[in-house]
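Subject: Structure handover

Hello,

Here is the structure for your use. My notes on what was found in it follow below.

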Amino acid sequence: MGKISEFNQHDHEVIARDYADLKEAARKRCSDPSELDMIQKAFEFANEAHKGVRRRSGEPYILHPIAVAKIVVSNIGLGYKSIIAALLHDVVEDTDYTVDDLRQLFGDKVATLVEGLTKIKTVLDNEDKAQQKSMQAENFKRILLTLNDDVRVVLIKLADRLHNCRTIEFMPEHKRDKILSETMFVFIPLAHRLGLYGVKSEMEDIWLRFKEPEAFNDITAKINRNISDKEKEIDDFIAPIDSALKDAGFKFEIRKRVKTPYSIWNKMNTKGVSFEQIFDLYAVRIIFDPVESKETERDMCYHIFSIITGMYRYKADRVRDWVNSPKNNGYEALHCTLMSRAGIWVEVQIRSRRMNEIAEKGIAAHWSYKKDGFGGDNESEMDKWIVKVKDILVNPDINALDLLDIIHNDLIQSDIFVFTPKGEQKSIEKGATALDFAYSIHSHIGNKAIAAKVNLRLLPLSYVLKTGDQVEIITAETEKPKREWLNFVKTRKAKSMIMDALKSERQESVKIGRKMLSEQLEALGYPSNDKIINRLMESYEIFESKPEELYFRIGVGLIKLTNLQEMLKKSVEKKSSWLHWFKTKEEKKDNDFIISDDGVSQHKYVIASCCNPIPGDSVIGFKASDGTVTVHKRSCETANSLASKFGDKIVVPRWEEAKTQNLSFLVRLSLKGFDRIGIINDITRYISFVMSVNIRRFCLSTEDGVFDGFIDLYVHDMKDLDRLIKKLQKIEGIQSVIRTDL
């Protein structure tokens with residue numbers, strides 16, 4: 001809550017306007033006038049409770065619950081009780097009213113929803129508790145535990161988080177980083193898993209706008225220019241489709257859309273391509289209403305597909321059939337990518353009205369249609385997932401930090417389908433092995449497994465399954481779980497069951513691990529003292545356990561020591577030659593630092609090897625117990641993971657340009673182009689002699705006249721790097737030069 005002051009006429013007008021918008025949206029969802037009356041009563045109650053209170057932005061606080069309620073009804077499609085709970089969600093936390101007061105006024109269900117939201121808000125916002133080890137991870141455990149009570153609590157919380165993201169520019173920078181990292185690590189995958197694509201996409205774009213502002217602005221400008229240039233060509237592409245579908249008797253609408261800035265940025269980074277190389281920038285969505293005929297919705301999708309692919313050439317490897325096999329969040333659609341007559345690849349998404357509702361509003365629409373008798377067995381995948389999450393949450397052997405990673409990985413995973421020997425279809429995590437499949441059936445089968453028959457071929461338990469495989473597990477009563485199984489199993493369930501079976505051998509494993517580490521350190525010339533062990537525990541992200549946990553993980557093979565020398569060497573190098581100093585700006589807070597190398601203050605920093613930020617990058621820092629700050633790129637996956645668990649460790653580093661010219665930073669440039677005699681000489685000459693840049697590694701390969709590869713080199717800052725990229729792009733034959741991860 002913010003400061004308290006009298007509201008003026010303008011404030012009252014804004015409140016009335018926003019509530020009128022909410023009421024109009026709610027009217028479409030309410031089946032009875034009494035429901036609207038209850039919403040009115042909740043608004044008046046909340047408006048009075050938050051009277052005179054303002055947010056950080058200066059606007060009346062009541063505008064926040066109104067906005068959350070509008071997201072709940074318009075973006076998620078929930079009903080009047082959820083709208084009321086959204087309007088009241090901050091009342092118990094921020095005023096003297098109690099849950100019992102709300103129960104008497106609005107009924108038990110609304111009170112229960114508000115109580116769940118209050119518990120979440122209390123643990124997320126309590127700064128004192130956030131200082132305790134792993135409390136942030138415990139907070140997220142509590143959020144997900146509300147799935148046990150009512151999934152609507154999580155959905156309203158997602159709406160609350162979306163509106164907080166919309167107004168995040170008013171937050172202090174270190175808190176902004178914490179909120180955005182939490183959003184990327186948990187809330188965005190959760191929105192995706194619950195089918196809320198609109199909510200997910202908006203949060204992703206906000207994340208990018210603040211984490212990588214230059215990339216966001218550059219991509220947005222390119223999108224706008226592209227849309228302006230290609231608008232007529234897309235309309236010309238749609239016109240024949242529109243005509244043909246009308247002639248075929250379909251009742252439908254066609255919508256145009258362009259990829260979001262985040263989806264473009266993500267594809268550029270994961271695929272190593274430039275903006276110009278993204279061929280499915282545009283999408284056309286065909287949304288049809290079922291007609292009374294012999295055709296099912298699925299048949300109608302294929303019918304439309306046959307019509308449009310008869311008009312335009314399509315890319316066979318880009319067809320995605322989620323009608324026949326819906327995604328595990330209920331998403332159904334048929335996707336294909338067509339070549340327009342103007343030479344543009346356009347993605348076409350074919351959906352029924354019901355499919356579109358589920359795609360836009362996710363789980364709420366999914367359950368709504370399910371109640372009305374739509375859908376079959378596939379639609380129970382959402383319910384299966386919630387049951388699985390509940391099982392994970394109540395497992396007493398999983399600590400909060402591990403649980404957060406497990407849930408994150410579960411949220412972002414995709415599934416494949418395999419078959420039992422009797423032909424029963426089973427879904428399992430993509431990348432799972434035959435042994436994972438064995439444990440998915442029963443712990444006894446997993447513990448006694450010795451091999452697998454896949455498609456009638458005898459294969460090892462480490463075989464990675466593919467969609468369509470038929471799997472039979474061969475067992476032996478004398479077999480028992482082995483430590484090396486942990487090296488290749490993929491699923492949490494299999495790992496957990498193997499670890500349970502190995503628990504009796506834990507002390508032996510600790511002994512083995514301690515000995516292995518001691519011998520390796522001695523061989524490398526390092527002492528096996530507390531300082532070294534603590535550094536290794538931080539490196540392996542064992543933040544809340546005793547050294548025995550490190551030894552145990554080494555002993556059972558979860559941690560390999562093959563890169564121990566490299567890790568320790570890097571660590572030592574960073575603490576000697578890469579150690580620079582922070583000095584605190586007088587006008588800034590404790591968690592705001594200037595990156596400098598003048599040795600004035602006592603705060604050391606190291607550059608994170610996972611993302612290798614350079615001066616000019618948007619960065620985030622994490623302060624260790626000894627005061628050392630590790631600096632990551634703001635968009636780094638590891639940084640998002642750490643910030644979502646240890647928000648109280650975040651600091652905000654800033655580059656001091658005048659000081660960084662004495663330093664060199666390692667970056668990787670990926671190059672693609674057409675091979676010709678002398679091109680490598682031209683590239684190296686430009687880098688070494690014209691730009692005076694030191695090359696560390698050069699790796700290019702050529703096939704059929706086309707080359708691709710990368711160059712690792714040292715630069716001073718982003719300006720230095722941008723100049724180099726522009727120069728290289730001008731060399732004859734080079735098609736793209738992109739900075740990629742090392």
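In β7, I416 has I428 as its bridge partner. That pair belongs to the antiparallel pairing of strand β6 (residues 415-419) with strand β7 (residues 425-429), which five bridges join. Strands here are DSSP runs of E with at least two residues, helices are runs of H or I with at least four residues, and both are numbered from the N terminus. Two strands pair if DSSP finds at least two bridges between them. β6 and β7 form a hairpin with five residues between them, and in the turn G423 has a positive phi of about 90 degrees.

This is a predicted model: local features need pLDDT of at least 70, side-chain atom pairs count only at pLDDT 80 or more, and totals for chains, interfaces and linings use all residues. Residues are numbered from 1 along each chain as its sequence is written, and side-chain values use heavy atoms, with hydrogens and water left out.

Overall figures

The protein has 30 helices and 20 strands. Of its 742 residues, 50% count as buried; buried means under 20% relative accessible area, exposed means over 50%, and partly exposed lies in between (1.4 Å probe, protein chains only). The accessible surface comes to about 35,100 Å², and 48% of that belongs to carbon and sulfur atoms. Areas come from the Shrake-Rupley method with a 1.4 Å probe, and for residues only the protein chains shown count as cover. Among contacts between residues at least 6 apart in sequence, 67% join residues at least 24 apart, a contact being heavy atoms within 4.5 Å.

The five-stranded sheet

An open sheet of five strands runs in the order β1-β2-β5-β4-β3, and its pairing is mixed. β1 (251-258) and β3 (320-321) are the edge strands with a single partner strand each, so one side of each has no neighbour in the sheet. β1 pairs with strand β2 (residues 282-289) in the antiparallel sense over eight bridges, and Y282 in β2 is the bridge partner of V258. Two helices lie across strands of this sheet. Helix α13 (residues 213-247) lies across β1, β2, β4 (334-339) and β5 (345-352), at about 165 degrees to β1. Helix α16 (residues 353-361) lies across β1, β2 and β5, at about 105 degrees to β5. For these angles, axes are lines fitted to C-alpha atoms, for helices over the stretch in contact, and angles run from 0 to 180 degrees between N-to-C directions.

The four-stranded sheet

Four strands form an open sheet in the order β18-β19-β17-β20, with antiparallel pairing. Its edge strands, β18 (695-703) and β20 (734-740), each pair on one side only. Neighbouring strands are turned by 15 degrees against each other on average, direction ignored. Ten bridges join strand β17 (residues 665-674) to strand β19 (residues 706-715), and K672 stands opposite D708 in β19. Helix α29 (residues 679-690) lies across β17, β18, β19 and β20, at about 160 degrees to β18.

Helix α2

Helix α2 (residues 33-49) has 17 residues and reaches 25 Å from its first C-alpha to its last, close to the 24 Å expected at 1.5 Å a residue; the expected span is 1.5 Å times one less than the number of residues. Its buried residues are E35, L36, I39, A42, F43, F45, A46 and A49. Their cover includes α1 (9-27), α3 (63-74), α4 (80-88), α5 (91-94) and α6 (99-106).

Single residues

- S82, in helix α4, is buried at a relative accessible area of 1%. Leaving aside neighbours within four places in sequence, S82 is in contact with V72, L113, R152 and I156.
- N612 lies in the loop between β13 (603-607) and β14 (619-623) and is buried, with a relative accessible area of 17%. Not counting residues up to four places away in sequence, N612 touches I607, D617, L666, R739 and L742.
- E472, in strand β10 (residues 471-475), is partly exposed at 37% relative accessibility.

Cysteines

The disulfide count is zero, a disulfide being a pair of cysteine sulfur atoms within 2.5 Å. For C610, the nearest cysteine sulfur is that of C636, 3.6 Å away, which is too far for a bond. C610 is partly exposed at 35%, whereas C636 is buried at 8%.

Regards
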